[in-house]
Amino acid sequence: MSYADIATAGLRCLPPETAHGAAIALLGLTRPLAPPPPDPALAMTLWGLRFPTPVGLAAGFDKDVRCPDAAARLGLGFGEAGTVTPQPQPGNPRPRLFRLRRERALINRYGFNSAGLDIVAARLERWRRTHGAHPRPLGVNIGVNKESADPARDYAAGLARVAALADYVAVNVSSPNTPGLRAWQAGDSLHRLLAALADAHGRLDRAPPILLKLAPEIDDEALEALLDAIEGAPIAGLILTNTTTARPPGLVSRQRAEEGGLSGPPLAPRALEVLRRAYALSGGRLPLIGVGGIDSPEAAYARIRAGASLVQLYTALVYRGPRLVGEITQGLARLLAADGFASLADAVGADHRTPARPDQDATAISFAMARAASSGSGACVIGRPTTSAVAPARAASAGVATRA
Ligand SMILES: Cc1cc2nc3c(=O)[nH]c(=O)nc-3n(C[C@H](O)[C@H](O)[C@H](O)COP(=O)(O)O)c2cc1C
């Protein structure tokens, strides 16, 4: 048993939020893990950034950038700090984090407890000054205050504030714990948000890629509308998905009745489905980060085959500890090799190109047919989303491919 295993077991004996704080503190204090260097086949280049492995740390673990190199210390390929709100705010009253031990899941209703942009930006500035360019990309996830008078303006201000300090910026429009936040995924609100982001983006000297983080409840119609809306907007990718307000059947832990966002294995089927749909609907042109219930190399690999260029972990790390990182990284390399892929990029979206298996949905089949019909013109251009190339795949999912 390693010291990390012992620490993980010890943390699980503490109340959940105390354990969360202690985990961040411990991570900053202890010697970084020294996992074997990752297989070069796992490296991914996206948005001009090199990710040594596609396995990253999801938002919400280090909300206030207390440990900016958390990802490196855990042997992960990238990190995502935040969510940070413009002004400091305490979030919801405690208790607000619950373990569903039987399901190895969590429910949280933190409600964007945040030190605020000034403190977070100062920490990032200090860290960037001391460490320079870091070999592991660090994204910053931005949100809005509960009492925001103008959320679109606040998102834009957040982008402007962290742009020079973040390798990518994730715009969180999907936390279930801030009333009204998810409305920014659709309709007029979405258009207003995109316009505000485009305006802020256009003024930046250094413009990092902007990603939208979506909720698992988004349905096909809303997803398709969102993909239409972001054509021409400075959106470089999607993160799929945040936690769910749904309570899938079969949950047995008493804490299942707590209000908040559910994460971990019960979220996995829906997070995978939304990811698969987003890849098919966007014709594989828009880089996607898959997150939600990933707890094994097989689960991570399934997300990549369904269309994720990168994946993120959170809840499984709480239950399994840092040991999981090596297991997933090494397992992924094995799975890639077993399927004959020379690089990770070759495996991204592979399910949409191979003959359908019984567990695949009709979208994947029609997308595969569309690719065949377009005789290769729709080659996947990871990292360079082109809006014009999205249309054929959307037509395919609407059945046009079968007429072609
Ligand atoms: C305790 C906790 C806090 C979270 N806080 C945030 C957050 O501040 N911003 C965000 O975008 N996602 C947040 N998330 C969602 C995760 O980033 C991730 O999308 C979700 O937990 C699904 O992944 P998982 O099943 O691997 O945990 C949080 C999740 C948990 C468990």
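Start by selecting strand E4 (79-84), strand E6 (residues 105-108) and helix H10 (315-320): each supplies at least two residues of the shell around the ligand. Helices (H or I, at least four residues) and strands (E, at least two) are DSSP runs, numbered from the N terminus. You are looking at a predicted model, in which local features need pLDDT of at least 70, side-chain atom pairs count only at pLDDT 80 or more, and totals for chains, interfaces and linings use all residues. Residues are numbered from 1 along each chain as its sequence is written.

Now show the whole shell. The ligand is surrounded by 27 residues, the closest being Ala-58, Gly-60, Ser-263, Tyr-314 and Thr-315; a residue is near a molecule if its C-beta atom, placed from the backbone, lies within 6 Å of it. Colour the shell by class and you get 11 nonpolar, 14 polar and 2 charged residues. Here Ala, Val, Leu, Ile, Met, Phe, Trp, Tyr, Cys and Pro count as nonpolar, Asp, Glu, Lys and Arg as charged, and the others, Gly among them, as polar.

Next, follow E4 into its sheet. This open sheet has 8 strands with parallel pairing, in the order E3-E13-E12-E10-E9-E8-E7-E4; two strands pair if DSSP finds at least two bridges between them. Strand E3 (55-57) and E4 are the edges, each with a single partner strand, so one side of each is left without a neighbour in the sheet. On average, neighbouring strands are turned by 25 degrees against each other, direction ignored. Zoom in on E3 and strand E13 (residues 310-313), which run parallel and are joined by 3 bridges. Leu-57 stands opposite Leu-313 in E13.

Then go to E6, in an open sheet of 3 strands with the order E5-E6-E11 and antiparallel pairing. Strand E5 (97-100) and strand E11 (261-263) stand at its edges, each with a single partner strand, so one side of each has no neighbour in the sheet. E5 and E6 pair over 4 bridges, and Leu-100 has Ala-105 in E6 as its bridge partner.

Last stop: select helix H6 (residues 187-202) and helix H7 (residues 220-230), which pack at an angle of about 30 degrees with axes 10 Å apart. Axes are lines fitted to C-alpha atoms, for helices over the stretch in contact, and angles run from 0 to 180 degrees between N-to-C directions. Leu-190, His-191 and Leu-194 of H6 meet Leu-226, Ala-229 and Ile-230 of H7, contact requiring C-beta atoms, placed from the backbone, within 7 Å. These contact residues divide into 5 nonpolar, 1 polar and no charged.

Key. Two residues are in contact if their C-beta atoms, placed from the backbone, lie within 7 Å.
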